Amino acid sequence: MSNNIGNPMIRMASSAKKGEIIEVRSLIMNPMTTGLMKDKAGKLIPAHFIQTVNVTFNNKPLLDIDWSTAVSANPYLAFKLRAESSGTLKMVWKDNTGGIWSADSKLTVA
Amino acid sequence: MNKTIHRRQFLGTTLATGAVATAAGIGLIRPQLAFADNVPGWPAKAFDAKVLKEAMSNAIGKTQVAVSPKVKLTAPTIAENGGAVPVTIEIDSPMTTDDYIAAVYLFVDHNPTPLASQFTFTPACGQAYIQERIKMAKTDNVRVVAKTNKGELMASAPREVKVTIGGCGG
């Protein structure tokens with residue numbers, strides 16, 4: 001699984017009416033290991049998990065998330081956004097081993 | 001005058017950094033893993049707590065919060081795979097700059113570390129809504145605490161999820 005990591009994805013509408021609340025869905029590959037499990041040889045698998053997700057819209061903070069190891073592998077996250085103006089939604093994921101990934105998606109508000 | 005202050009601040013910072021480096025060097029501060037370091041701002045104290053009361057106390061400063069029908073938590077009654085239990089959180093709030101949900105905390109009562117996730121919302125979200133998948137070690141209660149921008153706390157009713165295969169096996 002560790003060679004399949006990152007690859008962040010965002011799915012959301014590309015256009016919306018002003019004031020409409022739209023759903024944003026996201027996915028990223030990460031093992032999200034707890035550091036409590038052992039491998040087949042009985043060796044502890046180190047904790048490796050995404051700790052923060054920062055979501056901005058036009059560079060303004062929208063939503064900040066702190067995750068523990070209790071979030072499932074390859075974490076899926078959905079949230080809402082009120083469409084007020086056209087712009088770019090950006091998400092940044094950071095894990096406890098220094099991994100950083102980002103993805104963005106454009107929204108046009110009519 | 002300005003110069004003096006700057007010099008003092010500089011000295012203070014240098015001394016403090018030196019002390020931390022020394023403490024780490026002689027093993028007073030335990031590095032979690034040789035290669036791993038927490039992301040700055042990640043609330044380690046709340047996430048590291050091993051029991052629900054401690055996790056709640058570290059996260060929200062309270063161990064009991066009154067249940068409000070405004071806080072809705074949806075989770076399956078039976079989860080075959082405790083490794084991926086879908087949860088949906090929805091809090092009834094106008095989400096205006098004067099009245100919005102500022103933070104939401106998701107707990108699993110008996111997980112090795114009960115605080116599963118923490119969410120910091122802004123009014124621009126339009127709705128305090130989250131969907132994600134979590135791990136559950138065994139049949140257990142999931143609960144949510146929401147905090148308004150005025151600091152008021154309200155909780156969801158605990159939701160029991162029956163887990164057939166635990167998500168933390170080994």
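Modeller: Strand 7 and strand 8 of chain B form a hairpin with four residues between them, and G151(B) in the turn has a positive phi of about 90°. This is a predicted model, in which local features need pLDDT of at least 70, side-chain atom pairs count only at pLDDT 80 or more, and totals for chains, interfaces and linings use all residues. Residues are numbered from 1 along each chain as its sequence is written, with chains lettered from A and ligands numbered from 1 in the order in which they are written.

Colleague: What makes 140-148 of chain B a strand?

Modeller: Strands are DSSP runs of E with at least two residues, numbered from the N terminus. Strand 7 of chain B has nine residues, so it counts as a strand.

Colleague: Why are strand 7 and strand 8 of chain B said to pair?

Modeller: Pairing needs at least two bridges found by DSSP between two strands. Three bridges join these antiparallel strands, so they pair. In strand 8, M154(B) is the bridge partner of A146(B).

Colleague: Why is strand 7 of chain B called mostly covered?

Modeller: A residue is buried if 20 or more other C-beta atoms, placed from the backbone, lie within 10 Å of its own; exposed means 12 or fewer, and partly exposed lies in between. Seven of the nine residues in strand 7 of chain B are buried.

Colleague: How do you know that strand 6 of chain A and strand 6 of chain B pair?

Modeller: They share three bridges in the antiparallel sense, and at least two are required, so they pair. L77(A) stands opposite E132(B) there.
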